Amino acid sequence: MPLLACVALYGTSSFAQVCPPLPDVVAVALTLGLAEARIASCNRDVLAAQRSFEAANADRQIAGQRPNPSLSLGANNINPRTGIGSGPLRDKTIDSSVRLDQLIERGNKGSLREQQADAILRAADADVSEIQRQQRAQIRSLFFELAYQQERIERMRSFADVAKANQSAAQKRLAAGDLAEIEASRFRLDAIRSENDVRAAETDLARARSDLARAIAADGHALVLKVIAPNPLPPPGAASLTSQPPANLDRADVAAAKHRVSAAETARLLARAISTRDVSVSAQFDRWPVSGSNTQGTGNSFGLSVTIPLLIRHANEGEVRRASVDLDAARDQLRRIEVHAELEQRLAHDSWTAAALRLMQLEIDLLPVARRIANAAEFAYSKRAISVIELLDARRNLKSAELEVSLARADAGKAWAAWAAATEPLTPRPSGATP
């Protein structure tokens, strides 16, 4: 098997988190835990969210930087007729100046920028957790879909083997004159249908393998990927199927929206602080040597200046208005996310309840009855008590019941995955830890 290595470089230390290679999945089937373990280091959407977090981390570093001073060097009073004289540079007849400028921010702007960047960084951190939550739900759903397709192809092949054996037996009985040709033809048609069902199931199995392999960055194993579905399903926290639990709004997407509201509030304060004038302070040193145009001698002088902007045409009212609108939009987005989270949890709970009850009913009531009817039909046909049409109808009913149970089991797994993701709380990360 090819080595799977998708590397995520992040953090100021630029260390690497390597996507581990999968075991030999031809001999060892993939468990749900192993599939989920590859989310943080292998899933491409999660890696993209980690890049965004690192960009926000860099923006936080930028926000903590204060304006650097500027150094200016000048040369003046250069006379093209008399020249600049001979000797070293210090003896040249050129007026020179050295100027140092420093911008002094007022109105607590630097601290406000840091607060805003901190809030955005926390929001980006929560975004990583949110993407992981979404991808965990998707991978679980794809996992149960592949488990269903595996079980489906096994049942289809089993049905096809039985149909092929029955066709062969029917041909022998037809040759011996013990079976009518019309009945032998029905067995042959049933075998053809079973073979076509196997081909369709193989296509769906390949598609399910490819989808899961892509989600866990195991594309090289897409043709041979196998899974083992957990039975029973792992419980999602303290959830109950009997009653609707209260909504849990301590989720990553809600936390990210709250941090963005905090960042927008700080941005509005920062916009208002723009009206507090920043001051530029300058210190300058000038030197002029003796020259043809300056016969009074060498001189040195020092100067200080202060530059203050004049708020004549505007006082940055547009920035304040834009920041207020952005804050209102962030608050609206938070309310939408909270409502969506609560609704998603209630719908997920109802879906999981319905899927679990449906699976229970099918396993307890439908499947045993279909098996008893099929066994009775086989016995009755062997005694010539029923026709071949009735026999094939009983077999099709059993086949349909078994596939329905398999599908219900996969639907229950997907419903559990959606419920677990909808109620998954945000796990706080240790201070300074990278996603």
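The accessible surface of the protein comes to about 24200 Å², by the Shrake-Rupley method with a 1.4 Å probe. Carbon and sulfur atoms hold 56% of that surface. The model is predicted: local features need pLDDT of at least 70, side-chain atom pairs count only at pLDDT 80 or more, and totals for chains, interfaces and linings use all residues. Residues are numbered from 1 along each chain as its sequence is written, and side-chain values use heavy atoms, with hydrogens and water left out.

Now look inside. Of the 435 residues in the protein, 37% are buried (under 20% relative accessible area, with a 1.4 Å probe and protein chains only). The protein has eight helices and eight strands. These are DSSP runs, numbered from the N terminus: helices are H or I with at least four residues, strands are E with at least two.

Four strands form an open sheet in the order 4-5-7-8, and their pairing is antiparallel. Two strands pair if DSSP finds at least two bridges between them. Strand 4 (70-76) and strand 8 (299-307) stand at the edges with a single partner strand each, so one side of each has no neighbour in the sheet. From one strand to the next, the twist averages 15° (axes are lines fitted to C-alpha atoms, and angles run from 0 to 180 degrees between N-to-C directions). Strand 4 is joined to strand 5 (residues 95-104) by seven bridges. Leu73 has Val98 in strand 5 as its bridge partner.

Next, the helices. Helix 5 has 35 residues and reaches 52 Å from its first C-alpha to its last. That is close to the expected 51 Å, which is 1.5 Å times one less than the number of residues. Just after helix 5, Ala217 takes a positive phi of about 55°.

Then comes the nonpolar core, a set of buried Ala, Val, Leu, Ile, Met, Phe, Trp, Tyr and Cys residues joined through side-chain atoms within 4.5 Å. The largest has 46 residues. Among those that touch the most other members are Leu30, Ile139, Leu212 and Trp416. Helices 1, 4, 5, 7 and 8 each give two or more residues to this core. Helix 8 gives the most, with 12 residues. Leaving aside neighbours within four places in sequence, Ile139 is in contact (heavy atoms within 4.5 Å) with Ala35, Ile39, Asn43, Leu212, Ala215 and Ile216. A second, separate core of 10 residues includes Ala170, Leu391, Leu392 and Ala394.

Definitions and conventions:
Buried means under 20% relative accessible area, exposed over 50%, partly exposed in between (1.4 Å probe, protein chains only).
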